[in-house]
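Open the model in your viewer and keep the sequence panel beside it. The stops below say what to select and what is there.

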Amino acid sequence: MGKSLLDVYHELYSLYGPQGWWPLLNHKGINPTKTGSMRGYHPKDYDFPKNEREKFEICIGAILAQNTNWVNVEKALDNMQKENAIDPKKMQKMDEKELGLLIRPAGYFNQKAKKLKLFSKFFIELEHRVPKRGELLHTWGIGPETADSILLYAYKEPIFVVDAYTKRIFSKMGFFEKGAKYEQIREMFEKNLPKDYKLYQEFHALIVEHAKNAVENYP
DNA sequence: TTCCAGGCAATAC
DNA sequence: GTATTGCATGGA
């Protein structure tokens, strides 16, 4: 009998400890086990976001983090914070050129400026309601991983986030075929794990941390 | 210098 | 429906 997903989760947790995702600019807690930036993590505290400001910060962080190193995302968020631009209404007032200048370090800044402006409009129109997954996916610039990151970390919805690491690691371990689609993989995780947003938040963060360390005998 | 990092949309086949 | 390509910065 092979390992269960929960077995793998416990092994990763033993290896790396609680990860404290999603990092927030103004949260002073640090995770001393992190390899890269240590800012903003809050291990073992799942009571985030604390307010609308932090909720919005997570959402735009998820967009900025698309195919980009988190350290570069932090630079973009720092620049935005200096201009009080981590605010959907302020973002609406800025043009894409101006916004693009702030988020330059995160790469793809022209595309991402457009994505952020569209998302900020979407966010305002939600009026504090929890977005539906389909609504997010129909917003230009929001794909499945970004949508699920937003739902899991900004809204505490028990949705499992699948990324390239998840596909690589768990297909190698035999949990599914290499060519499995995003939705199939997500459903497999959600079906075989307790429906618990804290577990999902931690698991996804652990997968990313593990992938960065590239351990030989544990894909 | 090359390669990659917490993807997505557009286009080609 | 699946495969490929453009988007871009910064650090290793």
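Where is the place of Trp22? Select Trp22: its place is in the loop between helix 1 and helix 2. Helices here are DSSP runs of H or I with at least four residues, strands are E runs of at least two, and both are numbered from the N terminus.

Before moving on, note the ground rules. This is a predicted model, in which local features need pLDDT of at least 70 and side-chain atom pairs count only at pLDDT 80 or more, while totals for chains, interfaces and linings use all residues. Residues are numbered from 1 along each chain as its sequence is written, chains are lettered from A and ligands numbered from 1 in the order in which they are written, and side-chain values use heavy atoms, with hydrogens and water left out.

**Stop 1**

The peptide bond from Trp21 to Trp22 is cis, and its omega is near -5°. Now select Phe48 and Pro49. They too are joined by a cis peptide bond, with omega about -5°. Pro49 is in the loop between helix 1 and helix 2. Next, pick Asn84, in the loop between helix 3 and helix 4 (88–93). Asn84 is not a glycine, yet its phi is positive, near 50°. For context, most residues other than glycine have a negative phi, and most peptide bonds are trans.

**Stop 2: DNA strand B**

Show DNA strand B and the residues around it. There are 22 of them, and Trp22, Asn67, Trp140, Gly143 and Thr146 come nearest. A residue counts as near a strand if one of its heavy atoms lies within 4 Å of it.

Which parts of DNA strand B lie 3.3 Å, 2.8 Å and 2.7 Å from side-chain N or O atoms?

- Tyr41: a side-chain N or O atom is 3.3 Å from a base oxygen of DNA strand B.
- Trp140: a side-chain N or O atom is 2.8 Å from a sugar or linking oxygen of DNA strand B.
- Thr146: a side-chain N or O atom is 2.7 Å from a phosphate oxygen of DNA strand B.

Helix 8 (144–154) and helix 11 each give two or more residues to this surface. Helix 8 has the largest share, 3 residues. Color by class: the surface near DNA strand B has 11 nonpolar, 9 polar and 2 charged residues. Here Ala, Val, Leu, Ile, Met, Phe, Trp, Tyr, Cys and Pro are nonpolar, Asp, Glu, Lys and Arg are charged, and the others, Gly among them, are polar.

**Stop 3: DNA strand C**

Switch to DNA strand C. The residues around it include Asn67, Asn72, Lys75, Tyr108 and Lys181. Now zoom in on phosphate oxygens of DNA strand C. A polar side-chain atom of Arg104 lies 3.4 Å from one. A backbone N or O atom of Asn110 is 2.9 Å from one. For a polar backbone atom of Gln111, the distance is 3.2 Å.

Select helix 3 (70–82) and helix 6 (109–126): each supplies at least two residues of the surface near DNA strand C. Helix 6 gives the largest share, 3 residues. By class, that surface has 3 nonpolar, 5 polar and 3 charged residues.

**Stop 4: between the domains**

Color chain A by domain: domain 1 (1–46 + 161–219) and domain 2 (50–155). The bounds come from an automatic or database domain assignment. Their C-alpha centres lie 22 Å apart. Each side puts 21 residues into the contact, meaning heavy atoms within 4.5 Å. The area buried between the domains is about 1,900 Å², with 59% from carbon and sulfur atoms. Buried area is the accessible area (1.4 Å probe) that two parts lose on being put together, summed over both.

Find the salt bridges (a side-chain nitrogen of Lys or Arg within 4 Å of a carboxyl oxygen of Asp or Glu). Between domain 1 and domain 2 there are 3. Select Arg186 and Asp148: they form a salt bridge, with the closest N and O atoms 3.9 Å apart. On the domain 1 side, helix 10 (182–191) and helix 11 (197–213) each supply at least two residues. Helix 11 gives the most, 5 residues.

**Last stop: Arg39 and Asp78**

The whole structure has 15 salt bridges. Select Arg39 and Asp78, which form a salt bridge with the closest N and O atoms 3.1 Å apart. Arg39 is in the loop between helix 1 (5–16) and helix 2 (52–64) and Asp78 is in helix 3, so the pair ties together parts 39 residues apart in sequence.

Technical notes:
A polar contact is a pair of N or O atoms within 3.5 Å; within protein, one must be able to donate a hydrogen and the other to accept it, and residues adjacent in sequence count only if both atoms are side-chain atoms.
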